[in-house]
Amino acid sequence: MDELLLGQMPAAAARELSGRAGFDVNFLGPAVPVPALPGAETVLLPYTHFSVLMRPDKRLAAVTALGIDGAKLMDLDRSGIQWRLDPRLGEDQQTGERVYARNDIDRGHLVRRASAVWGDTRAEAAQANEDTFHYTNAAPQAAKFNQGLELWLGMESYLLDNAADHGRRLVVFTGPIFSDVDPVYRGVDIPLQFFKVAAFLHDGELAATGYIVDQTPQLGDLPDVPRPGLTGDAPPLGPFRTFQVPIRDIASLTGLDLDQLVAVDRMPIAATLPTARPTTAWRQLHSREDLDLDFDLEDH
């Protein structure tokens, strides 16, 4: 189905989506709202178990917010599900198939499909499965990058199994980090970096950790994409490098209001060096066991 046909979805589809509950700010017990982006026009789009805060000027999400109930996860496949535009937003305010056609750029899920597929019924999980295939939940990612993110994608499962209590619930905020050196391709900025912030309860108290992954090396290998620029502050980067970072760095790089989660960041260096310059406290992760937390995962 081409982009033009996708853009002509009937009004009934918009009415159906209008009934979606979206991300539950009370999912963990204490309220954890979708981070705001002061100073930028945004549109909040609710889906099943998650919401997307869109930046129409970028045609991409500023942040996605997902609640994961680990006790209700289901294993559903993706066969037969096609990517689609969200009829609640103008076609010129979101990406479509034109950005991803005939190239080595993938539609990278921001809300991880497998993490959203849960519910009290199979129908609820199936609806969440389909909802993750809206272009509003996609970001342009080099195919080699998107297909090699085992550590990045596995972080949610690892934290869910080892760090989250309160019925194995986890809240995950994910999004691109826009910068002045992002290459522009077919009218869309391709973010060089992406972030993830996980919030959970530890011993009954709100806790959070932050991560950044970079696709600069992979984009440089695509012949039809402008070669990405490099920032002087960034650490040396290689394929699929994932970093645990202070959440305050994510807030600084994105402009998102993450004050609530900065205050409960469980990365020890975030507390010991509260004014460190962004990137100086980043910790490279070679495996999930490299996480630096101020509590022992093995106890949870």
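Modeller: Start with a term: a residue counts as buried when its relative accessible area is under 20%. Keep in mind that this is a predicted model.

Now look at helix 9, which covers residues 247–254. Six of its eight residues are buried, so the rest of the structure largely encloses this helix. Which residues of helix 9 are buried? They are I247, R248, D249, I250, A251 and T254.

Next, see what surrounds them. The buried residues of helix 9 pack against several strands: strand 6 (169–177), strand 9 (193–202), strand 10 (205–214) and strand 11 (242–245). They also pack against two helices, helix 10 (259–262) and helix 11 (268–272).

An α-helix has 3.6 residues a turn, so residues three or four places apart point the same way.

Zoom in on D249. This residue sits in helix 9. Is D249 buried or exposed? Its relative accessibility is 2%, and the cut-off for buried is under 20%, so D249 counts as buried. The side chain of D249 also has a partner: a polar contact of 2.8 Å joins it to the side chain of W282.

Finally, follow the chain out of the helix. G255 comes after helix 9. The phi of G255 is positive, near 80°.

To recap, helix 9 is largely enclosed, D249 within it is buried, and the side chain of D249 makes a polar contact with that of W282.

Terms used
Residues numbered from 1 in each chain as written. Predicted model: local features only at pLDDT ≥ 70, side-chain atom pairs only at ≥ 80, totals over all residues. Heavy atoms only, no water. Buried < 20%, exposed > 50% of the residue type's maximum accessible area, 1.4 Å probe, protein only. Helix = DSSP H or I, 4+ residues; strand = E, 2+ residues; numbered from the N terminus. Contact = heavy atoms within 4.5 Å. Polar contact = N/O pair within 3.5 Å; in protein donor to acceptor, adjacent residues only side chain to side chain.
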